Amino acid sequence: MELFNVLEGIISLDKTHRDEISGLIEIKNYKKNEKFLLKGHPCSMIGFVIKGSFRYNMDIDDNDRTFDFSVENEFISDYYGILKSKPASFEIIANQSSSVICLPTDKILKLFDQDMVYQKIGRTIAESEFCRHHERLISLMYHSPQKRYEDLMNTMPESVLTLPQHLLANYLGITKETLSRIRSRKAK
């Protein structure tokens, strides 16, 4: 299972750790546009995407804004909401038929408190998420739309790149017309 490969990349797990984590796993399948997380609800599950992709969507002035993606072999959650014990201010929506390993947030947090192995896993995942969000913020603030588009093309799987143009434009922080111009310049 790919989840265990990712966790083993962080720290060696013995049979007891593997069994404890395995006992919490529930695999859920999501249809296109089905929600992993609803706005206003607490994030009760931490997920690990095994197939497909999800978008993080926020409604701003009656306009949907896609501000992040989670793809295969990445974690999916409202980490901020979990840390602050706040309901989600956004939704997480399946881009296509997707499968997720789901782990109950409350039980994962208890594991973090009981064992240094789990603390290391939690800290490493949190640090990785912080770095990813930091890089995204720097990109939005300082990179040109062209550079953001090139980075997207080089880092996202095909399942994300084939999404409707308005979702990709939202993610890039540009209009769909600007995205269309960038794509046409790239094609020449």
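A: One definition to begin with: two strands pair if DSSP finds at least two bridges between them. On that basis strand 1 and strand 8 (residues 98-104) pair, with five bridges joining them in an antiparallel run. Keep in mind that this is a predicted model.

Q: Okay, which residue of strand 8 stands opposite Y30?

A: S98 in strand 8 is the one opposite Y30.

Q: And S99, what's that in contact with, leaving aside its neighbours within four places in sequence?

A: S99 is in strand 8, and beyond those neighbours its contacts are K28, N29, F48, V49, I50 and K51.

Q: Is S99 buried or exposed?

A: Buried: S99 has a relative accessible area of 11%, and the cut-off for buried is under 20%.

Q: Zooming out, what order do the strands take in that open sheet?

A: The order is 1-8-3-6, four strands with antiparallel pairing. The edges are strand 1 (26-30) and strand 6 (75-76), each pairing on one side only.

Q: How many bridges join strand 3 to strand 8, and how many join strand 3 to strand 6?

A: Six bridges link strand 3 with strand 8, antiparallel. Between strand 3 and strand 6 there are two, also running antiparallel. As for facing residues, V49 is opposite V100 in strand 8, while F48 is opposite F75 in strand 6.

Q: Why call strand 3 largely enclosed by the rest of the structure?

A: Because five of the seven residues in strand 3 (residues 45-51) are buried.

Q: Switching topic: what do strand 4 and strand 5 form?

A: They make a hairpin with two residues between them. Eight bridges join strand 4 (residues 53-60) to strand 5 (residues 63-71), and the two run antiparallel. S53 has V71 in strand 5 as its bridge partner.

Q: What's phi like for D61 in the turn?

A: Positive, about 50° for D61. That's worth a look because most residues other than glycine have a negative phi.

Q: How much relative accessible area does N73 have, and what about N33?

A: N73 has 38%, so it is partly exposed. N33 has 43% and counts as partly exposed as well.

Q: Now the whole thing. How many helices and strands are there?

A: Nine helices and eight strands. The C-alpha trace spans about 55 × 30 × 30 Å along its principal axes.

Q: What radius of gyration does the protein have, next to a compact globule?

A: The protein has 18 Å; a compact globule with 188 residues would be near 16 Å, which agrees.

Q: How much of the protein is buried, and what's the surface like?

A: Buried residues are 41% of the 188. The accessible surface is about 10700 Å², with 53% of that belonging to carbon and sulfur atoms.

Technical notes. Residues numbered from 1 in each chain as written. Predicted model: local features only at pLDDT ≥ 70, side-chain atom pairs only at ≥ 80, totals over all residues. Heavy atoms only, no water. Rg over C-alpha atoms; globule rule 2.2 N^0.38 Å. Buried < 20%, exposed > 50% of the residue type's maximum accessible area, 1.4 Å probe, protein only. Areas by Shrake-Rupley, 256 points an atom, 1.4 Å probe, with all protein chains shown as cover. Contact = heavy atoms within 4.5 Å.
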